[in-house]
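Subject: Structure for your review, with notes

Dear colleague,

I am handing over the structure we discussed, and my notes follow it. Please read them with the model open beside you.

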Amino acid sequence: MNLNTAKKYWAVIPAAGVGKRMGSQIPKQYLPLAGKTVIEQTLSVFLQHPDIHGIVVAVTQGDPYWQEIYEHQYIKESDSNEKPIIVAIGGVERCHSVLNSLEALSSHASDDDWVLVHDAARPCLKAADIDCLIEQLSETKSGGILGLPMADTVKRCDKEQKILATVERSELWRALTPQMFPLKLLKDALSDAIKAGALVTDEASAIELSGLKPQIVEGHPGNIKITHPNDLQLAELFFSFN
Ligand code: C5P
């Protein structure tokens, strides 16, 4: 439930990666999944969520797969949902794609609107996780992220995969997405991080570098990132049960 009616919630979907580890010719966000593509499944979650006002998608310039989806699928779907879909150009790293998206969003949104940055490659996100983020973070100043407490014993290894140490796991969490922050706070933090040469792999890292402490909200373990071919099979299984 939207607790703060004055501020809008925007989804920001970085989708400009090539997905090298997937070993596929087609970028992983465009691979088929449960009757659609991975990115269409991801977009559906946000298009259908009542609290999300609009979506920014960062894609590689001239991306033919995106053009196909955007022209044939989502303009229609977004019309019926009356949600704007803003297209931004992706950058060299994920952090550049997100920053470009936030800059594109700035002319449509207020500085203190919330952005929920979510990987295109995480199509199994549940609407209930978006609800939890909105409920638990909307009254905070610096936002937070979905995460999972570390369930396994954790090892530190050398390059030959020889174990050097067992790491105390009680304070360790895996960072998931969405990661929810006020638009301007995140834009400034990402811009500062990149200027300082820190190519952060998630939004929280940029906020941490600015001296703030984002909150972690425990998410659903099914919110996997499609990285290797087996992950796609797992995601298919997820959709067959939902
Ligand atoms: O490669 P990885 O799985 O970490 O990418 C996470 C998300 O960031 C993916 O949805 C991918 O498309 C996106 N990305 C991006 N721009 C890049 C690299 C990755 O938008 N330069």
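Throughout these notes, a residue is called buried when its relative accessible area is under 20%, exposed when it is over 50%, and partly exposed in between, with a 1.4 Å probe and protein chains only. This is a predicted model, in which local features need pLDDT of at least 70 and side-chain atom pairs count only at pLDDT 80 or more, while totals for chains, interfaces and linings use all residues. Residues are numbered from 1 along each chain as its sequence is written, and side-chain values use heavy atoms, with hydrogens and water left out.

The ligand

The ligand is surrounded by 16 residues, the closest being Pro14, Ala16, Lys28, Gly91 and Ser97, where a residue counts as near if one of its heavy atoms lies within 4 Å of the molecule. As for polar contacts (pairs of N or O atoms within 3.5 Å; within protein, one must be able to donate a hydrogen and the other to accept it, and residues adjacent in sequence count only if both atoms are side-chain atoms), an oxygen atom of the ligand lies 3.2 Å from a backbone N or O atom of Ala15. A polar backbone atom of Val92 is 3.0 Å from a nitrogen atom of the ligand, and a polar backbone atom of Glu93 is 3.5 Å from a ligand nitrogen atom. Taken alone the ligand exposes 460 Å², of which the protein buries 86%, with areas computed by the Shrake-Rupley method and a 1.4 Å probe.

Helix H1 and Val38

Helices (H or I, at least four residues) and strands (E, at least two) are DSSP runs, numbered from the N terminus. Helix H1 spans residues 38–48 and includes Val38; this helix is mostly covered, with 10 of its 11 residues buried, among them Ile39, Leu43 and Phe46. Val38 itself has a relative accessible area of 1% and is therefore classed as buried. Leaving out residues up to four places away in sequence, Val38 touches Lys28, Gln29, Leu31, Leu33, Ala120, Ala121, Pro123, Ile226 and Leu232, contact meaning heavy atoms within 4.5 Å. The C-alpha atoms of Val38 and Ala235 are 9.3 Å apart in space, although the two residues are 197 apart in sequence.

Pro182 belongs to strand S10 and is buried, because its relative accessible area is 10%. Neighbours within four places in sequence aside, Pro182 is in contact with Asp111, Asp113, Trp114, Lys141 and Ser142. Ser142 sits in the loop between helix H4 (127–137) and strand S7 (144–149), and at 13% relative accessibility Ser142 also counts as buried. Beyond residues up to four places away in sequence, Ser142 touches Phe181, Pro182, Leu185, Ile207, Leu212 and Lys213.

Ala189 lies in helix H5 (residues 183–195) and is buried, with a relative accessible area of 5%; with residues up to four places away in sequence not counted, Ala189 touches Ala206, Ile207 and Ser210. Ser106, in helix H3 (residues 94–106), counts as partly exposed because its relative accessibility is 25%.

Backbone geometry to check

Most residues other than glycine have a negative phi, and most peptide bonds are trans. In this model, a cis peptide bond with omega of about 10 degrees joins Thr177 and Pro178, and Pro178 is found in strand S10 (residues 173–182). Ala34 has a positive phi, near 50 degrees; this residue is in the loop between strand S2 (32–33) and strand S3 (36–37) and counts as partly exposed at 35% relative accessibility. Phi of Gln161 is also positive, near 60 degrees, and Gln161 lies in the loop between strand S8 (154–157) and strand S9 (163–167), where its 69% relative accessibility makes it exposed.

With kind regards
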